[in-house]
Amino acid sequence: MTTMRITVDVAAPYDVVIGRGVLDDVDAWLPDTAARRAAVVTTAPVEEHHAAAVTAGLRAAGLDVHVRQVPDGEAAKSLDVLGQLYDWLAAIPLARTDLVVGLGGGAVTDLAGFVAATWHRGVPVLQVPTTVLAQVDAAVGGKTGINLAAGKNLVGAFHQPLAVVADTATLDTLPARELRAGMAEVIKCGFIRDPRILDRIERDPAAALDPAGEVLPDLIHRAVAVKAQIVAADTHEHGERALLNYGHTLGHALETLTGYARYRHGEAVGIGMRFAALVSEWSGVADAGLHDRTTAILADVGLPTVCDPVDSDEVFAVMARDKKVRDGLRLVLCERPGVARVAALDRAVLERALARVRHP
Ligand SMILES: NC(=O)c1ccc[n+]([C@@H]2O[C@H](COP(=O)([O-])OP(=O)(O)OC[C@H]3O[C@@H](n4cnc5c(N)ncnc54)[C@H](O)[C@@H]3O)[C@@H](O)[C@H]2O)c1
Ligand SMILES: [Zn+2]
């Protein structure tokens, strides 16, 4: 199968390598480095299936390899775990020129990226994402972070990786729900920049969800290309990078109000995209049809399109806090598939859209 490569054109450009089996020669994708040791951060489900290939490749590159498991999911992104990782790095000891490797989903790549950003004031990190979400989103673009009791991702740093190696074969072992949730971010990239993503999914949704086929790697490649373009244009999130938040304003609010336990991130974003599509139509930004297309494509890949009952005052309170606005809210809207922009809206149209995506 083909190997695809996208260069993220930031101050220190790096490649995202995508393809089935690319992990088998991870040493080939590792840029020239002075590293002698590698500290691999991973979780149990990922280590079981995918660590052997990575450690073998790093050893083939002449590195002394150390592996450490962190708790699964969001529990990894804590000050406690971070402290344990620092102690581990000190014991190795991991030098200024050595390498951190993040092997896992977005929780691991966020944590490994933040450890790398802060250890010795910044050491190189190789990201090896193993979920669709991490391959198209979390591992690309250099945002890293951990959570506090006061909120998610409150502590973090921008730290671009040395390279990203996204092996689509790792998705063979990914639970179906995680795979579908990651597709929400892929679909998002379709609505904001590359409508061919939508065409390909609509043509054959089953193929789009099959890691062994040709379609899913192509979709991941396209979504990474969208993220890479936007990140290169706005590395530190002052402008265009906001478009990546399409569907996220309501999505984040739903996640917050349900304690991050009810929805996978992508599920909440999918409902948020349906909400944003309605607002886009009702405020005259998009032609009729956007909302129906959004609902249909979410259903095509098995994502929810309706959310549980939520109190709209609570939703608006969280959305307003998220965006620090006074009267109305700024929301990413879609003009037509492939074109998005930020607009200010008043509450009435948002209320109406929320009522429509919410179970009565
Ligand atoms: N930095 C960014 O720009 C950015 C962007 C989006 C999301 N994120 C962060 O990403 C995190 C979510 O990432 P996620 O959705 O990948 O969740 P996750 O990292 O929690 O992974 C989901 C689950 O899948 C398991 N898993 C991962 N790969 C597997 C594989 N190949 N086979 C079997 N099981 C596997 C994990 O162990 C976990 O249980 C959040 O913390 C979010 O804040 C960061
Ligand atoms: Zn997201």
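Biologist: What is the strand order of the open sheet of 7 strands, and how do the strands pair?

Modeller: Two strands pair if DSSP finds at least two bridges between them. Strands are DSSP runs (E, at least two residues) and helices are runs of H or I, at least four, numbered from the N terminus. Here the order is β1-β2-β9-β6-β5-β3-β4, with mixed pairing. The edge strands, β1 (4–8) and β4 (64–69), each pair on one side only. From one strand to the next, the twist averages 15°.

Biologist: What should I know about the model and its numbering?

Modeller: This is a predicted model: local features need pLDDT of at least 70, side-chain atom pairs count only at pLDDT 80 or more, and totals for chains, interfaces and linings use all residues. Residues are numbered from 1 along each chain as its sequence is written, while chains are lettered from A and ligands numbered from 1 in the order in which they are written.

Biologist: In which sense do β3 and β5 pair?

Modeller: Strand β3 (residues 37–42) and strand β5 (residues 99–104) are parallel, over 5 bridges. Thr 42 has Leu 103 of β5 as its bridge partner. Helix α4 (residues 106–118) packs on the sheet and touches β3, β5 and β6 (125–129). Contact means C-beta atoms, placed from the backbone, within 7 Å. The direction of α4 makes about 170° with that of β5. Axes are lines fitted to C-alpha atoms, for helices over the stretch in contact, and angles run from 0 to 180 degrees between N-to-C directions.

Biologist: Which residues touch the most other members of the largest nonpolar core?

Modeller: In soluble globular proteins, nonpolar side chains tend to be buried together. A nonpolar core is a set of buried Ala, Val, Leu, Ile, Met, Phe, Trp, Tyr and Cys residues joined through C-beta atoms within 7 Å. Buried means 20 or more other C-beta atoms within 10 Å of the residue's own; exposed means 12 or fewer, and partly exposed lies in between. In this core of 118 residues, the answer is Val 41 and Val 101. Helix α9 (residues 215–233) gives the most, with 10 residues. Beyond its neighbours within four places in sequence, Val 101 has contacts including Val 41, Val 54, Ala 112 and Leu 126.

Biologist: How many residues of domain 1 are in contact with domain 2?

Modeller: Domain bounds come from an automatic or database assignment. The domains are domain 1 (4–173) and domain 2 (176–197 + 236–357). 8 residues of domain 1 are in contact with 11 residues of domain 2. Helix α5 (residues 132–138) supplies the largest share of the domain 1 side, 4 residues.

How values were computed: Contact = placed C-beta atoms within 7 Å.
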